[in-house]
Amino acid sequence: MKSPGRPAHKPTDQSRRTVEILAGMAIPSDKIADALDIAKGTLRKHYRRELDVGAAKVEAKLVGSLLAIAGGKDATALKAIMFTLQSRFGWSAYVPRPVSPLDERPRQLGKKEMQQIEAETGHQRSDWGTLLQ
């Protein structure tokens with residue numbers, strides 16, 4: 001007597017390579033499961049490593065290529081550097097960069113503040129300073 005349902009899935013080397021390649025191409029897991037004619041849960045159960053490794057390998061190759069391009073001295077290198085900084089480190093041309101304490105300039109005093117300081121210390125630079133003590 002046959003058991004109900006489909007027979008248990010048995011991964012092969014070919015199916016593992018296929019999953020790794022498709023995952024590396026950013027194909028959604030439901031599409032990969034459809035290509036292998038298996039359920040999405042079965043795909044995750046039997047091919048978890050291939051799903052993770054496929055995407056990581058492609059990402060590593062792309063980052064390596066991008067960094068190689070960014071090491072150049074032409075306009076393409078500049079674009080690669082800008083893209084890397086924006087996507088990897090969150091840089092943006094539209095968001096002001098945070099102000100470092102080292103970057104801060106002394107604050108400009110207003111007219112009334114200058115007058116107050118002058119009133120309090122004006123005698124120090126004149127002959128009145130010696131007379132008032």
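Ala-26 is exposed, with a relative accessible area of 64%; here exposed means over 50% relative accessible area, buried under 20%, and partly exposed in between, with a 1.4 Å probe and protein chains only. The residue sits in the loop between helix 1 and helix 2, where helices (H or I, at least four residues) and strands (E, at least two) are DSSP runs numbered from the N terminus. Ala-26 is not a glycine, yet its phi is positive, at about 65 degrees. Most residues other than glycine have a negative phi.

Asp-37 lies in the loop between helix 2 and helix 3, and it counts as exposed because its relative accessibility is 52%.

**The model and its confidence**

This is a predicted model, in which local features need pLDDT of at least 70 and side-chain atom pairs count only at pLDDT 80 or more, while totals for chains, interfaces and linings use all residues. Residues are numbered from 1 along each chain as its sequence is written, and side-chain values use heavy atoms, with hydrogens and water left out.

The average pLDDT, the predictor's confidence in each residue from 0 to 100, is 83 for the protein, and 83% of the residues score at least 70. Confidence is highest in helix 2 (residues 29-36), with a mean of 94, and lowest in helix 6 (residues 128-132), with a mean of 61. Where pLDDT is low, the predicted coordinates should not be read in detail.

**Overall make-up**

The protein has six helices and zero strands, so reading along the sequence gives the pattern α-α-α-α-α-α. Of its 133 residues, 14% are buried. The accessible surface, from the Shrake-Rupley method with a 1.4 Å probe and, for residues, only the protein chains shown as cover, comes to about 11600 Å², and carbon and sulfur atoms account for 59% of that area. Contacts are heavy atoms within 4.5 Å; among those in the protein with a separation of 6 or more, 44% join residues 24 or more positions apart.

**The nonpolar core**

Which residues make up the largest nonpolar core? There are eight: Val-19, Ala-23, Ile-32, Ala-33, Ile-38, Leu-43, Tyr-47 and Leu-51. A nonpolar core is a set of buried Ala, Val, Leu, Ile, Met, Phe, Trp, Tyr and Cys residues joined through side-chain atoms within 4.5 Å. Helix 1 (13-24), helix 2 and helix 3 (40-70) each supply at least two residues of this core, and helix 3 gives the largest share, with three residues.

Val-19 is a handy place to start exploring this region. Leaving aside residues up to four places away in sequence, Val-19 touches Ile-32, Leu-36, Leu-43, Tyr-47, Glu-50 and Leu-51.

Ile-21 also belongs to helix 1, but this residue counts as exposed because its relative accessibility is 52%. Ile-21 is eleven residues from Ile-32 in sequence, and their C-alpha atoms are 10.0 Å apart in space.

**Salt bridges**

The structure holds three salt bridges, each defined as a side-chain nitrogen of Lys or Arg within 4 Å of a carboxyl oxygen of Asp or Glu.

| Pair | N to O distance |
|---|---|
| Arg-16 and Glu-50 | 2.9 Å |
| Glu-20 and Lys-57 | 2.8 Å |
| Asp-52 and Arg-48 | 3.2 Å |

Let us take the pairs in turn, beginning with the salt bridge between Arg-16 and Glu-50. Arg-16 is in helix 1 and Glu-50 in helix 3, so this pair ties together parts that are 34 residues apart in sequence. Glu-50 counts as buried, at 8% relative accessibility, whereas Arg-16 counts as partly exposed, at 29%.

The side chains of Glu-20 and Lys-57 meet in another salt bridge. This pair links distant parts of the chain, with Glu-20 in helix 1 and Lys-57 in helix 3, 37 residues apart. Lys-57 is partly exposed, with a relative accessibility of 45%.

Where do Asp-52 and Arg-48 lie? They are in helix 3, and because they are four residues apart there, about one helical turn separates them. Asp-52 counts as partly exposed at 44% relative accessibility, and Arg-48 counts as partly exposed at 40%.
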